[in-house]
Amino acid sequence: MHTFNIDHTPAEIVRLFPKASDLFKENKIDFCCGGDKPLRETLAKKPAINEGELLQVLNDTYTEWKEEGNKEVDWEQVSRIELIDHIMKEHHQYLHQELDPLSQFVTKIYRVHGQANPHLRQLHKLYHQFKEDIEAHLVEEETQLFPLVRRYEDSGDPDLAAKIEVLNKDMEEEHQAAGDLLKEMREITNDFVPPEGACNSYRITYARLADLESNTFEHIHLENNILFKS
Ligand SMILES: [Fe+2]
Ligand SMILES: [Fe+2]
């Protein structure tokens, strides 16, 4: 059992207690792309957040979560191959299934409500930029990076390790760009809260965008902070 404090990094906290990601998202605390700095540093730049209250909520929800019988996943004990299988199943498959239908929703609400809500044009642009970038990113991981990791785990060949390191640097930059696009989408959509009286399509689009953000932040967190932690 841990007690979290401001010397822990958001990435460490989410690794032990995945549900902390909800609290971090609410408070716009990065735990995936720039999550490896101590909470102290992030909070110093966010004077509106009460540090004591945040830690209290974090530790209380963690205690409740443990009392409900949840267990921390010790990722150190999970092989890289198992972790890749998990990422493929929970995150890559999700994106392969979700990106096209969600694109139709984003386009539909822009078409129908764009005049009254000009930010929907920007949302349409950001979403499709994200979609295009992440689709290419998935191809690179699935056809290059992950097969190299599987081969390396089999052979321990140092040449492969060097190639993985080079490729992973590009992937990390792409994670940062994808994370930034999601943050911008959250920003312009009032934290994915639809306006009062919004139609069903509007609500569904925002709810699915919020899920996309959660799933992708978790995805990037696993790749940056566990799979390829240097
Ligand atoms: Fe991935
Ligand atoms: Fe990735």
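This is a predicted model: local features need pLDDT of at least 70, side-chain atom pairs count only at pLDDT 80 or more; totals for chains, interfaces and linings use all residues.
**Entry 1. Helix α7**

I began with α7, which covers residues 158-188. I wanted to know whether its length agrees with its residue count. At 1.5 Å a residue, its 31 residues should span 45 Å, and the end C-alpha atoms are 45 Å apart, so the two agree.

Next I looked up which residues of α7 are buried. They are N168, M171, H175, A178, G179, L181, L182 and M185.

M171, H175, A178, L182 and M185 are among the buried residues of α7.

**Entry 2. α7 against α6**

I took the two neighbours of α7 in turn. The axes of α6 and α7 come within 9 Å, and they cross at roughly 160 degrees. An angle over 145 degrees counts as roughly antiparallel, so α6 and α7 are roughly antiparallel to each other. The crossing of this pair is left-handed. Sorted by class, the contact of α6 with α7 holds 20 nonpolar, 7 polar and 6 charged residues.

**Entry 3. α7 against α8**

For α7 and α8 I found axes 11 Å apart and a packing angle of about 155 degrees. The pair is therefore roughly antiparallel. Their crossing is left-handed.

Which residues meet here? From α7 they are E172, H175, A178, G179, L182, M185 and R186. From α8 they are L209, E213, T216, I220, E223 and N224. The classes in the contact of α7 with α8 are 5 nonpolar, 4 polar and 4 charged. H175, A178, G179, L182 and M185 are in this contact, and they are also listed as buried in α7.

**Entry 4. α5 against α8**

I then turned to α5 (residues 80-113), whose axis comes within 9 Å of that of α8 and crosses it at roughly 150 degrees. That angle makes α5 roughly antiparallel to α8. α5 passes α8 in a left-handed crossing.

I listed the contact residues on both sides. α5 gives R80, L83, I87, H91, Y94, E98, L102, F105, V106, K108, I109 and H113. α8 gives S201, Y202, I204, T205, R208, L212, N215, H219, L222, E223, I226 and L227. By class, the contact of α5 with α8 divides into 13 nonpolar, 6 polar and 5 charged residues.

E223 of α8 stands in the contact with α5, and E223 is also listed in the contact with α7.

**Entry 5. Positive phi**

I went through the backbone angles next. Most residues other than glycine have a negative phi. Where does this model depart from that?

K28 has a positive phi near 55 degrees and is not glycine. It sits in the loop between α2 (20-26) and α3 (39-44). Is K28 exposed, partly exposed or buried? K28 counts as partly exposed, because it has 14 C-beta neighbours inside 10 Å.

N190 is another non-glycine residue with a positive phi, of about 55 degrees. N190 follows α7 and lies in the loop between α7 and α8. With 11 other C-beta atoms within 10 Å, N190 is exposed.

**Entry 6. Single residues and distances**

A48 lies in the loop between α3 and α4. It has 6 C-beta neighbours inside 10 Å and so counts as exposed. Its C-alpha atom is 9.6 Å from that of N27, 21 residues away along the chain.

G52 belongs to helix α4 (residues 51-67). G52 is exposed, since 8 other C-beta atoms lie within 10 Å. How far apart are the C-alpha atoms of G52 and E141? They are separated by 40 Å, and the two residues are 89 residues apart along the chain.

Q144 is in helix α6. I found 15 C-beta neighbours inside 10 Å, so Q144 counts as partly exposed. The C-alpha atoms of Q144 and L209 are 28 Å apart, with a separation of 65 residues along the chain.

Definitions and conventions: Residues are numbered from 1 along each chain as its sequence is written. Chains are lettered from A and ligands numbered from 1 in the order in which they are written. Helices (H or I, at least four residues) and strands (E, at least two) are DSSP runs, numbered from the N terminus. The expected span of a helix is 1.5 Å times one less than its number of residues. A residue is buried if 20 or more other C-beta atoms lie within 10 Å of its own, exposed if 12 or fewer, and partly exposed in between; C-beta atoms are placed from the backbone. Axes are lines fitted to C-alpha atoms, for helices over the stretch in contact, and angles run from 0 to 180 degrees between N-to-C directions. Angles under 35 degrees count as roughly parallel, over 145 as roughly antiparallel, 65 to 115 as roughly perpendicular and the rest as oblique. A crossing is left-handed if the near helix is turned anticlockwise from the far one by less than a right angle, and right-handed if clockwise. Two residues are in contact if their C-beta atoms, placed from the backbone, lie within 7 Å. Ala, Val, Leu, Ile, Met, Phe, Trp, Tyr, Cys and Pro count as nonpolar, Asp, Glu, Lys and Arg as charged, and the others, Gly among them, as polar.
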